[in-house]
Amino acid sequence: MKKYDVIIVGGGASGMMCAIAAKEKNPNHNIAIIEKQDRIGRKLLSTGNGRCNLLNLNVDKSKYDGSFRKYIDLLIDKNCPVDMLDYFSSHGLSAKEETEGRVYPVSNHASSVLDVLRFNIENLGIETICGEAVSDIRKNGKFFEIKTNNNVFSAQKVVVSTGTQASSKLGGDNSGLNILKNIGIKTAPSYPALCPVKVKSNLLPSLKGLRVKGEVSLYDGKSLVDKESGEIQFTENALSGICVFNLSNKLNKVRKPVLKINLLPFTDDVYALIKRNSIVFSRQTAENMFTGILQKKLALAVLKQAKIKPSASIKSLTQSDYIRLCEILTAWSFEVSGNGGYEKAQVAGGGVLGDEIIPETMESRKIKNLYICGEALDIIGKCGGYNLYFAFASGKTVGESL
Ligand SMILES: Cc1cc2nc3c(=O)[nH]c(=O)nc-3n(C[C@H](O)[C@H](O)[C@H](O)COP(=O)(O)OP(=O)(O)OC[C@H]3O[C@@H](n4cnc5c(N)ncnc54)[C@H](O)[C@@H]3O)c2cc1C
């Protein structure tokens with residue numbers, strides 16, 4: 001059985017960062033990453049639409065959900081985004097800030113981030129054991145036994161950085177969380193997040209492919225849970241777009257989820273606006289009354305939702321028609337029927353409960369020398385670089401604690 005000082009299970013963003021920080025702190029340590037896929041860091045290549053939004057300069061607690069959230073300030077104090085950028089820079093990566101604090105590599109290619117991490121791992125002499133899925137971790141006296149499909153390894157310290165089952169095509173699964181559960185680590189149930197939200201509406205097929213700027217609110221019955229604005233995309237059976245993705249992070253807490261869309265968030269008086277159009281286009285039919293305001297496809301769907309015939313003359317519309325139209329334009333209600341599933345999810349909520357972890361070191365409170373970092377913890381961030389920031393910052397914290 002091959003013996004190591006440290007074995008890192010999972011060679012994703014957090015595991016790779018952890019390995020580098022650990023080896024730099026203890027150059028004499030024998031460190032290995034065990035990765036089930038045939039190469040480390042595969043998911044990174046798909047992040048940020050292939051550009052890798054590696055962190056966000058505006059990181060703060062409000063961007064996160066989950067039971068580890070209460071400890072995030074500690075992590076940010078220790079590894080603030082500017083320090084993380086310096087760290088990346090000292091390891092060979094040049095990055096730049098774009099809108100809303102989002103940071104990307106100057107090369108505009110995610111492969112730059114992965115290559116920087118890979119080459120540092122190689123140059124530091126960290127062993128990578130790929131194509132081996134860890135199926136069990138047991139503590140035997142002072143050492144851990146780590147079983148894979150082919151081998152058994154032994155290590156004094158183990159880091160679990162296996163991520164979650166989000167995006168199974170890129171290797172996501174819940175094997176790491178199951179292994180942790182088997183050794184007594186408590187977890188919150190997993191759920192797909194940063195994903196489209198399925199809604200009930202027979203109008204969706206006619207809106208498929210449409211993108212509009214607006215505001216989306218998530219309600220639990222009649223209570224507002226959260227609100228986001230940005231581009232809303234309509235698919236055959238779901239609402240999508242970054243603002244919807246961000247709201248999907250909160251779906252697990254909501255019993256009667258409803259999404260309401262405001263198609264005209266920058267208009268103070270929508271009633272006055274459509275009354276204006278009804279005068280300007282008084283000779284036209286209802287299908288033309290949103291001319292200059294909405295795309296035609298959307299205008300037709302709004303009329304259909306309001307049960308107004310597109311062929312009706314604008315002059316024939318009643319006061320109650322105008323009130324219904326205002327309601328749809330500002331708070332078009334869609335009953336949620338589900339989430340987009342793990343296939344389409346960028347992250348998964350749930351995971352190792354925050355209170356299982358000593359936040360300063362990310363070591364398990366129950367099992368000495370067992371550490372957990374990255375998405376396997378019960379924390380998820382909004383779109384914009386917050387999840388990779390957490391993966392890198394938590395991985396670095398573990399590496400420096402080993
Ligand atoms: C399409 C897409 C785009 C994204 N874009 C962004 C973005 O631009 N910015 C951002 O902040 N976040 C983004 N994310 C989220 C971000 O990629 C993740 O939050 C982050 O990668 C989590 O890092 P991790 O190290 O915890 O897990 P992962 O990166 O998922 O790594 C876990 C690794 O463990 C391996 N593994 C799992 N189980 C085992 C096992 N039993 N044995 C051995 N190995 C195992 C996996 O193969 C994987 O390589 C995106 C996600 C997706 C899917």
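Over the ring of which tyrosine does the charged end of Lys-275 sit? It's Tyr-322, with the charged end 4.2 Å from the ring centre; a charge counts as sitting over a ring if NZ of Lys or CZ of Arg is within 6 Å of the ring centre and within 35 degrees of the ring normal. Lys-260 does likewise with Tyr-219, its charged end lying over the ring at 4.6 Å from the centre.

A quick word on the model: it is predicted, so local features need pLDDT of at least 70 and side-chain atom pairs count only at pLDDT 80 or more, while totals for chains, interfaces and linings use all residues. Residues are numbered from 1 along each chain as its sequence is written, and side-chain values use heavy atoms, with hydrogens and water left out.

Now for ring against ring. Searching the whole structure turns up 8 aromatic pairs (rings of Phe, Tyr and Trp, the last by its six-membered ring, with centres within 6.5 Å; planes under 30 degrees apart are stacked, over 60 edge-to-face, the rest tilted). Tyr-64 belongs to strand S4 (residues 64-65) and Tyr-386 to helix H12 (residues 386-401), 322 residues apart; helices (H or I, at least four residues) and strands (E, at least two) are DSSP runs numbered from the N terminus. Both tyrosines are buried, i.e. under 20% relative accessible area, where exposed is over 50% and partly exposed in between (1.4 Å probe, protein chains only).

Phe-88 and Phe-392 also pair edge-to-face, at 5.0 Å and 80°. Since Phe-88 lies in helix H3 (residues 81-90) and Phe-392 in helix H12, the pair ties together parts 304 residues apart in sequence. These two phenylalanines, Phe-88 and Phe-392, are buried.
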